[in-house]
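Please keep the sequence and the 3D view at hand while reading.

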Amino acid sequence: AALTETARQALDKLLAGEGALPSDYGNIVGQGALGAGGQALGIAANKAFQRNPLGVSPFDRAQARDPRFIGQTESLQNEAARRGVDLTAGQSTGLRSLMAKERQLGRLDETADIMSDFARKQRDIQVPSAVRAEISQISPKTGEEAIQGFREGAAETVKAFEKQRFEAADPFYKEAFAKNKIVASPLIDKILNTPMGNDALRSAAERTQNAMQRMASPDPELTQIANELASVGKMPETKGGVASGLSLRSLDLIKQNMDDAITATQKQVANGTARPGSLSELRETKRAFVKELDRLDVTAKAGPKSLKPEGGAYARGRAIWGSESDAVEAVKEGGVGLLKNMEGPDRIGIIRRVFDSGAAGLTPEEITRTRGNFLFAGKKAEWDAGLATWFSDKLDDAMKIGAQGERGNVPGKFYKSVWGDERQQAIVRAAIGDPARINGIEKLMEVMRAASRSLPEGSPTATDLAAMTQGSLG
């Protein structure tokens, strides 16, 4: 500690032009550059570079005397210190002249080991520790378990929106089904005798019977519906029409099978296996069927010969279901659906596709909506764990050892991968959401950017040797 303080004072005096250089100037200046950090301009702030013993450029000398610049430098140094990251004077200030001198120190015999040890400690220990500490503030959970929870959270989010849709429409359906136990008309008979109507009738019967077989104990209402549909579905003709005695709930199941037939035909038209006209015919048949059900709904009647302008309970239930279905489909087609449907062994690839700023990823706006959907479903912890895993993956990549057996510029690689362009920054901010945590990431990135001003190693060049001679320094 005493050596560092002595070195810091030596560097301050050197910058301010006070005192003579000691004979072992290289070692002391090296220690001072590393030990002083942002404080290199602290003691000598008002008189730094008045004389110019280090040959610093006039522009850098002027900037170093700017009170605002001094304040920014000290703020950065304090933030780095709070996170356990040591910065050199050059890294803290960003002054090119200082960084050039520090690079020269990294190539001279007297100071090469000092600079090398400092750089390795910074990039191998301090930077990763600072990043991991910030990640833990987002979520303590990362890795395989977090990825699995991320995907399961997406599935649960879809279920939450589907539940909301059901709960919004269910009271209206219940009212309509309770008050329409028998629904019949010649038009319904005619529609159910069409190929589409007959197929829908038989499918509804089969699906209801299958549902009954999966139940632990019989449901009286579902049993009645199954018997109704099975009976008429197995008979090509029924006295009085195939719709005689069917309830609105049974007819609604038939309507749902018409919906399924339309969806299937849409896919066939898209791949060229069905003619477009067939889709129009199915839609028209279903439209006529539903219109007739709405007309016969007793809850729609305002009087003997008039209908309520807002429609009956069945129409209102369908309208709400349709509106809520838009929200469900938006969730399925957005980031939540992307996550829910992702499969395969490349688990981390799922996380990257969501948060990376590449063309295949989500936009910042989609990230905002997807995070909001997770929060709506009560799955914030799963979302945060997925995001924390993405940060951890980027740190792992930054720390990979290269062909030279060194990790290289860890803070620079990490900064570039998570904060390298405006789109990626916007994605990160949208993914975090919480202003306090966004501020934490922004401050961490300031430290990473400063630490990325690396200190290369190697043999001194002729220029280095000339610049660092006693004559050129004095």
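## Salt bridges around Asp397

A salt bridge here is a side-chain nitrogen of Lys or Arg within 4 Å of a carboxyl oxygen of Asp or Glu. In this predicted model, Lys400 and Asp397 form such a bridge, with their closest N and O atoms 3.1 Å apart. Asp397 also forms a salt bridge with Arg352, where the closest N and O atoms are 3.9 Å apart. This second pair links distant parts of the chain, since Asp397 belongs to helix H18 (residues 380–398) and Arg352 to helix H16 (residues 347–355), 45 residues apart.

The surroundings of these side chains can be described by their accessibility. Lys400 is exposed, because its relative accessibility of 52% is over the cut-off of 50%. Asp397 is partly exposed, with a relative accessible area of 30%, and Arg352 is also partly exposed, at 27%.

## Other salt bridges

Over the whole structure, a search finds 25 salt bridges. One of them joins the side chains of Lys179 and Glu175, at 3.6 Å from N to O; both residues lie in helix H8, four residues apart, which is about one turn of the helix. Glu175 is partly exposed, having a relative accessible area of 29%. Elsewhere, a network of salt bridges links Glu79, Arg82, Arg83, Glu134 and Arg437.

## Aromatic pairs

A pair of aromatic rings is described by the distance of the centres and the angle of the planes. The structure holds 11 aromatic pairs. In the pair of Tyr173 and Tyr314, the ring centres are 6.0 Å apart and the planes stand at 70 degrees, so the pair is edge-to-face. Because Tyr173 lies in helix H8 (residues 144–179) and Tyr314 in helix H14 (residues 313–333), the pair ties together parts that are 141 residues apart in sequence.

Are these two tyrosines buried or exposed? Tyr173 is buried, with a relative accessible area of 12%, and Tyr314 is likewise buried, at 0% relative accessibility. Ring pairs also link Phe150, Phe355, Phe374, Trp383, Trp390 and Phe391 into a cluster.

## A negative surface patch

Asp109, Glu110, Asp113 and Asp117 form a negative surface patch. Asp109 has its place in helix H7, which covers residues 109–138, and with a relative accessibility of 71% Asp109 counts as exposed.

Key: Residues numbered from 1 in each chain as written. Predicted model: local features only at pLDDT ≥ 70, side-chain atom pairs only at ≥ 80, totals over all residues. Heavy atoms only, no water. Patch = residues over 30% accessible without salt bridge, like charges linked within 9 Å, V, L, I, M, F, W, Y side chains within 5 Å. Areas by Shrake-Rupley, 256 points an atom, 1.4 Å probe, with all protein chains shown as cover. Lys, Arg positive; Asp, Glu negative; His and termini not counted. Charge placed at Lys NZ, Arg CZ, Asp CG, Glu CD. Helix = DSSP H or I, 4+ residues; strand = E, 2+ residues; numbered from the N terminus. Buried < 20%, exposed > 50% of the residue type's maximum accessible area, 1.4 Å probe, protein only. Phe/Tyr/Trp six-rings, centres within 6.5 Å; stacked < 30°, edge-to-face > 60°.
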